[in-house]
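Visitor: I would like to learn how to read the features of a model like this one. Where do we begin?

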Amino acid sequence: MKSIVAILMLAVAAQALPIELGHYAAPALVHAAPALLHAPIHKAIVAEPVAYPKYAFNYGIKDPHTGDIKSQAEERDGDVVKGQYSLVEPDGSVRTVDYTADDHNGFNAIVHKSGPAVQKVIAPVAPIAHYAPGPILSAYH
């Protein structure tokens, strides 16, 4: 165990030695701990050009079978995004959301709700009749 610790300590110390003409100063340690004695690797990082973000799209769905009715439109120019989406709520009303987003103001949304909301009609419940207990009758006398 002491020999492994000694080899690792020598390998760590050898990393601190200067490198001359591409050779290690302590070549005998290369065989003892080859994973610890690597020359630094220099990577060239090439920055790719970033395209200016600009787009516009819209879509809509109207499925009478499932009742799924919704739409969305959005456009972006640089760091400014503007859009609107709408959908039909389960109660029949239409929710419309207008939104904007930019670096200065963050994300802002204005929600509108329109259309007739279908009210569920609950039938009145008849009162429960309470009867006083009567005499217990037996078939056996």
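Guide: With a charged pair. This is a predicted model. Asp68 forms a salt bridge with Lys70, and their closest N and O atoms are 3.7 Å apart.

Visitor: What is the general idea behind such a pair?

Guide: Side chains of opposite charge can pair when their charged atoms come close. Here the cut-off is 4 Å between a side-chain nitrogen of Lys or Arg and a carboxyl oxygen of Asp or Glu.

Visitor: How many salt bridges does the structure hold?

Guide: Three. One of them links the side chains of Asp79 and Arg76, at 3.6 Å from N to O. Another links Glu89 and Arg95, at 2.6 Å.

Visitor: How do I read burial for these residues?

Guide: Under 20% is buried, over 50% is exposed, and partly exposed lies in between. Asp68 has 30%, so this residue is partly exposed. Lys70, at 33%, is partly exposed. Asp79 is partly exposed at 46%, and Arg76 is partly exposed at 27%.

Visitor: And Glu89: buried or exposed?

Guide: Buried, because its relative accessibility is 16%. Its partner in the salt bridge, Arg95, is partly exposed at 27%.

Visitor: Now the fold. What elements does the chain have?

Guide: One helix and five strands. From the N terminus, the order is α-β-β-β-β-β.

Visitor: How do I read strand pairing?

Guide: Look for the bridges and the direction. β3 (residues 80-88) and β4 (residues 94-102) run antiparallel, joined by eight bridges. Lys82 stands opposite Thr100 in β4. β4 also runs antiparallel to β5 (residues 106-114), with nine bridges between them. There, Arg95 stands opposite Lys113 in β5.

Visitor: What lies between the paired strands?

Guide: Five residues separate β3 from β4 in their hairpin, where Gly92 takes a positive phi near 95 degrees. The hairpin from β4 to β5 has three residues.

Visitor: Which residues form a nonpolar patch on the surface?

Guide: Tyr55, Phe57, Tyr59 and Ile61, with about 350 Å² of accessible area together. Patch members need over 30% relative accessible area. Phe57 has 35%, so this residue counts as partly exposed. Phe57 sits in strand β1 (residues 54-63).

Visitor: How does the whole chain read?

Guide: The chain has 141 residues, and 12% of them count as buried. Among contacts with a separation of 6 or more, 13% join residues 24 or more positions apart.

Methods: Residues are numbered from 1 along each chain as its sequence is written. This is a predicted model: local features need pLDDT of at least 70, side-chain atom pairs count only at pLDDT 80 or more; totals for chains, interfaces and linings use all residues. Side-chain values use heavy atoms; hydrogens and water are left out. Patches are made of residues with over 30% relative accessible area and no salt bridge: like charges are joined within 9 Å, nonpolar side chains (Val, Leu, Ile, Met, Phe, Trp, Tyr) within 5 Å. Accessible areas come from the Shrake-Rupley method with a 1.4 Å probe; for residues, only the protein chains shown count as cover. Helices (H or I, at least four residues) and strands (E, at least two) are DSSP runs, numbered from the N terminus. Buried means under 20% relative accessible area, exposed over 50%, partly exposed in between (1.4 Å probe, protein chains only). Contact means heavy atoms within 4.5 Å. Two strands pair if DSSP finds at least two bridges between them.
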